[in-house]
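Got your viewer open and a hand on the selection tool? Let's take a walk through this one, stop by stop.

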Amino acid sequence: MQQKIRLMIVDDSLLFRSWLMQNLGADPRFEIVGYAINARDAESKLALLKPDIMTLDIEMPGMSGLDFLKKVLPSHPVPVILVSSLNVRVFDALAAGAIDFVRKPDMEMEGGKEAFLTTLKTKLSIGANAKVRLASTSHPVPSTHNTIGGYSFSVKTPPAPGHSSPAAFRGNLTSPSSSIDIVAIGASTGGTEAILEVVRQFPAKMPGIVITQHMPPGFTAMYAERLNRLCKLEVKEAAHGDKVLPGRILLAPGGLQMRVVRLGTGYSVSCTDEDKVSGHRPSVDVLFTSVAANVKNRAIGVILTGMGADGAAGMLRMRKSGAYTIGQDRETCVVYGMPMEAYKIGAVCQQAALSTIPQVVMAQLAKG
């Protein structure tokens with residue numbers, strides 16, 4: 001019999017906390033080992049309860065969820081799923097070491113509670129085994145300035161070299177092209193910080209970049225603004241018809257599917273309200289499949305940390321169409337799910353540590 005996941009719930013709302021405990025406690029996968037009514041209460045109970053994972057609200061009286069993470073995670077690195085209303089501080093909490101978040105449901109909306117519980121249970125069941133990346137251990141490491149083929153950039157000195165993928169190709173593949181029009185990136189759990197670590201090392205002089213990160217509506221606009229502040233490229237939440245331009249990053253909007261489409265000699269994005277694909281909207285598979293079909297060998301694909309398999313099939317299509325594909329390695333993923341699935345089916349040309357991925361991308365851009 002599989003051991004139950006020891007779960008701790010931290011929320012200052014008695015009503016919501018009780019509802020969570022009732023519904024999560026009824027799932028045979030979980031054992032509710034305790035709860036806390038605020039962050040200070042959680043701090044006093046954490047060592048005693050020893051949960052495998054915990055849910056945490058951001059806005060609580062006294063110590064905030066963010067301050068709690070900064071104070072407690074270094075000594076008790078337990079995986080934390082944020083359960084929060086629409087709040088920009090979620091991204092600060094993810095930077096402080098929380099592994100993922102779920103938006104609090106509208107308790108009056110039909111189907112909202114059920115969808116919320118399904119998502120939260122999935123994240124909790126997989127997240128219990130996730131790696132906690134602490135802000136205190138991610139200080140910038142020495143930078144090396146590089147100029148390759150006219151691209152000038154800085155990369156972190158890698159702690160270890162990337163790993164070439166031994167996985168066999170499936171089908172007839174064309175050789176990757178060194179003339180790149182688009183870099184496509186996909187991620188899920190742990191991806192908000194992983195994406196930031198990659199794109200903040202890119203120079204302003206880059207091909208157009210398109211990104212799908214699993215994220216609910218509302219949060220993608222705030223995340224795009226955060227990236228825009230912290231990196232050299234222009235970043236915006238994509239709108240239907242936006243052009244993919246050099247020096248610009250387009251982020252798939254929460255709740256919509258984003259595709260790259262041809263626009264004359266260039267490209268734009270289509271953002272439409274469609275069904276979920278691979279369990280997600282936006283879906284990395286949708287983005288990568290469109291890049292494979294329309295950009296072909298003039299693309300680079302990057303798949304980062306995340307649970308599940310979304311993006312693996314799309315990345316295989318990209319590789320078969322001649323794109324160069326990169327997967328984050330097991331050691332640096334918060335959850336080695338999506339990159340693992342892509343690697344297993346032969347979709348990945350090269351695996352690399354997160355800190356070396358910008359260098360791998362720039363080396364591909366410099367070819368030719």
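## Rings to start with

The structure holds seven aromatic pairs. Keep in mind as you click around that this is a predicted model.

Select Phe91, Phe101, Phe219 and Tyr223 and show their side chains: ring pairs link these residues into a cluster.

Next, pick Tyr35 and Lys45. Which part of Lys45 sits over the ring of Tyr35? It's the charged end of Lys45, 4.9 Å from the centre of the Tyr35 ring.

Now switch to cartoon view. Two packed helices are described by the angle between their axes and the distance between the axes, so look for both at each stop.

**α1 and α5.** Select residues 14–25 for helix α1 and residues 112–127 for helix α5. Their axes lie 11 Å apart, and the helices pack at an angle of about 65°. Angles of 65 to 115 degrees count as roughly perpendicular, and α1 and α5 are therefore roughly perpendicular to each other. The crossing of this pair is right-handed. Colour the contact of α1 with α5 by class and you get eight nonpolar residues, one polar and two charged.

**α2 and α3.** Move on to residues 39–49, helix α2, and residues 65–72, helix α3. Here the axes come within 9 Å and cross at roughly 25°. Since angles under 35 degrees count as roughly parallel, α2 and α3 are therefore roughly parallel to each other. Their crossing is right-handed. On the α2 side, select Ala39, Ala42, Glu43 and Leu46; these meet Phe68, Lys71 and Val72 in α3. The class count for the contact of α2 with α3 is five nonpolar, no polar and two charged residues.

**α6 and α7.** For the last pair, select residues 191–199 (helix α6) and residues 219–230 (helix α7). They pack at about 30°, with axes 10 Å apart. That angle makes α6 roughly parallel to α7. α6 passes α7 in a right-handed crossing. From α6, the contact uses Gly191, Thr192, Glu193, Ile195, Leu196 and Val199; from α7, it uses Tyr223, Arg226, Leu227 and Leu230. Sorted by class, the contact of α6 with α7 has six nonpolar, two polar and two charged residues.

Finish by hiding side chains and zooming in on the backbone. Most residues other than glycine have a negative phi, and most peptide bonds are trans.

Where is Ser278 found? Look in the loop between β14 and α8. Ser278 has a positive phi of about 55°, although this residue is not a glycine.

Then select Pro282, found in the loop between β14 (266–272) and α8 (284–294). Check the peptide bond from Arg281 to Pro282: it is cis, with omega near 10°.

Notes
Residues numbered from 1 in each chain as written. Predicted model: local features only at pLDDT ≥ 70, side-chain atom pairs only at ≥ 80, totals over all residues. Heavy atoms only, no water. Axes fitted to C-alpha atoms, helices over the stretch in contact; angles between N-to-C directions. Helix = DSSP H or I, 4+ residues; strand = E, 2+ residues; numbered from the N terminus. Parallel < 35°, antiparallel > 145°, perpendicular 65-115°, else oblique. Left-handed = near helix turned anticlockwise from the far one by under 90°. Nonpolar A, V, L, I, M, F, W, Y, C, P; charged D, E, K, R; others polar. Phe/Tyr/Trp six-rings, centres within 6.5 Å; stacked < 30°, edge-to-face > 60°. Lys NZ or Arg CZ within 6 Å of the ring centre and 35° of its normal. Contact = heavy atoms within 4.5 Å.
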